[in-house]
Amino acid sequence: MSAPPEPRTPAPHRDCPRAAIRRLDPILVDRIAAGEVVERPASAIKELVENAIDAGARAIEVTIEAGGRRLIRVVDDGIGMGADDLALAVERHATSKLPDGDLTRIGSLGFRGEALPSIGAVSRLSLVSRTADGEGVSLVVEAGVKGAVRPAPATRGTRIEVTDLFAATPARLKFLKSDRAETAAVAEVLRRLAVAQPGVRFTLRTESGSPTVFPAESEPGPAGLLRRLGSVLGPDFPANAVPLSMAREGLSLEGHVGLPTFHRGAASHVHFVVNGRPVRDRLLLGAVRGAYADTMSADRHPVLALFLACDPGLVDVNVHPAKTELRFRDPGLVRALVVSAIHEALRRAGARSGAAGPVAGSTRPERCASTASSTAGSVCEPGIRSGPALSGDGASPTRTTEDGPLVSETSPVFQAS
Ligand SMILES: Nc1ncnc2c1ncn2[C@@H]1O[C@H](COP(=O)(O)OP(=O)(O)OP(=O)(O)O)[C@@H](O)[C@H]1O
Ligand SMILES: [Mg+2]
């Protein structure tokens with residue numbers, strides 16, 4: 001019998017000669033930093049669409065090929081950029097959005113001056129832009145190497161194309177999922193932004209099917225918002241939701257919340273918008289869970305959209321490079337507001353519709369179980385700042401699946417992957 005092999009012991013660290021510390025090449029620095037901001041096509045699209053929203057666009061068109069890895073194109077009708085701004089826009093830490101450098105009063109979606117240089121570091125980034133009274137200009141950045149600004153034919157606004165995303169960072173490329181899954185992630189990003197910005201028209205084109213369109217809603221107040229929510233969350237939502245409005249100590253909460261009888265198997269139809277920014281926030285999710293705890297089984301999730309408005313100083317959005325997380329100065333106050341506003345809205349809806357009220361412990365999806373009026377008045381004093389203003393000419397056709405995601409009938413892109 002042969003002796004068992006000697007266990008291999010790694011060489012102790014102290015025997016390793018340490019390489020001298022050196023400064024990294026700036027292009028490598030950009031690629032490393034880009035990893036935090038641009039994780040997949042959907043995160044690049046989130047940044048580009050947020051830039052378009054910050055630029056005041058009323059219509060934003062997104063086109064993708066191969067789930068966004070071959071092509072991402074975002075075209076907006078916003079204020080555009082002149083030659084000097086375009087040259088600066090792709091430089092790291094260059095932004096027009098912090099004019100007085102005050103990180104405690106952020107009013108725009110972007111503020112870090114990182115998104116365009118990050119995308120340009122890991123792709124071929126081509127920009128064409130024109131302001132209302134200027135000439136069209138273009139610029140290309142290839143794997144972090146910036147070209148010259150040139151004149152180019154353009155209409156007002158900005159057109160950005162990202163091709164060969166992650167070609168320069170093959171490790172990241174390997175982590176991407178199927179085209180179908182990446183497309184679903186893009187559609188999810190656009191749904192979240194469409195809830196947050198009902199006054200903006202969004203279009204998503206892919207190689208398959210007709211485009212998905214969320215028409216602009218311009219009618220102010222809950223009615224217009226509800227129409228946009230119907231197009232994003234499904235046509236059954238308005239009939240199964242009640243409006244909510246409550247203000248407390250400088251925080252204003254508005255929105256529409258689904259009845260406890262209208263539930264889903266995932267929390268993907270829970271939308272939070274804080275000062276115009278769609279966020280995924282544990283505290284808010286926990287508050288919603290708490291609010292429905294007595295009326296919905298623990299494995300089910302409500303469908304709702306909540307809009308919190310407050311002084312920007314009461315919330316820190318500079319918490320994560322993707323800007324989807326935040327910290328509230330008084331988390332307890334926010335949680336209490338969310339729980340009481342939802343309880344109050346559901347209680348009043350039950351009283352008004354004459355229904356027996358929420359179904360306790362319901363575990364099966366019961367669709368359209370309530371006829372509670374979706375136009376019932378606000379439950380409390382109007383907030384400090386009202387929810388988004390909207391209106392519109394209809395919803396893109398969507399239907400609700402038995403258990404989960406909402407599916408567009410015009411395009412396969414919203415199908416669950
Ligand atoms: N679609 C656009 N229309 C007009 N200006 C734009 C557009 N996209 C970018 N810009 C300009 O380019 C600048 C840099 O954009 P970038 O996304 O890199 O940074 P940011 O939006 O300022 O901050 P963040 O990194 O947080 O997104 C912006 O501050 C803005 O002035
Ligand atoms: Mg930006």
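In the predicted model, five strands form an open sheet of mixed pairing in the order S10-S11-S16-S13-S14, where strands are DSSP runs of E of at least two residues and helices are runs of H or I of at least four, both numbered from the N terminus, and where two strands pair if DSSP finds at least two bridges between them. Strand S10 (241-248) and strand S14 (277-279) are the edge strands, each pairing on one side only. On average, and with direction ignored, neighbouring strands of this sheet are turned by 20 degrees against each other; axes are lines fitted to C-alpha atoms, for helices over the stretch in contact, and angles between N-to-C directions run from 0 to 180 degrees. Within the sheet, strand S11 (residues 251-258) and strand S16 (residues 304-310) run antiparallel and are joined by seven bridges, with Ala-309 of S16 as the bridge partner of Ser-252. Residues are numbered from 1 along each chain as its sequence is written, while chains are lettered from A and ligands numbered from 1 in the order in which they are written. Local features need pLDDT of at least 70 and side-chain atom pairs count only at pLDDT 80 or more, whereas totals for chains, interfaces and linings use all residues.

Helix H6 lies across strand S13 (270-274), S14 and S16, and runs at about 130 degrees to S14. The axes of helix H2 (residues 41-54) and helix H6 (residues 179-196) come within 8 Å and cross at roughly 25 degrees, which makes H2 roughly parallel to H6, angles under 35 degrees being counted as roughly parallel, over 145 as roughly antiparallel, 65 to 115 as roughly perpendicular and the rest as oblique. The contact is made by Pro-41, Ala-42, Ile-45, Lys-46 and Val-49 of H2 together with Glu-182, Ala-185, Val-186, Val-189 and Leu-193 of H6, two residues being in contact if their C-beta atoms, placed from the backbone, lie within 7 Å. By class, this contact of H2 with H6 has eight nonpolar, no polar and two charged residues, with Ala, Val, Leu, Ile, Met, Phe, Trp, Tyr, Cys and Pro counted as nonpolar, Asp, Glu, Lys and Arg as charged, and the others, Gly among them, as polar.

H6 also packs with helix H7 (residues 222-233), at an angle of about 170 degrees and with the axes 9 Å apart; the two helices are therefore roughly antiparallel to each other. Here Arg-191, Ala-194 and Val-195 in H6 meet Arg-228, Leu-229 and Val-232 in H7, a contact with four nonpolar, no polar and two charged residues.

Of the 21 residues around ligand 1, Asn-51, Ala-89, Thr-95, Gly-110 and Ala-115 come nearest, a residue being near a molecule or strand if its C-beta atom, placed from the backbone, lies within 6 Å of it. The shell has eight nonpolar, eight polar and five charged residues.

Elsewhere, strand S3 (residues 124-130) is joined to strand S4 (residues 137-142) by six bridges in an antiparallel arrangement, and a hairpin connects S3 to S4 through six residues. Leu-139 in S4 is the bridge partner of Leu-127. S4 pairs in the antiparallel sense over two bridges with strand S6 (residues 150-151), where Arg-150 stands opposite Ser-138.
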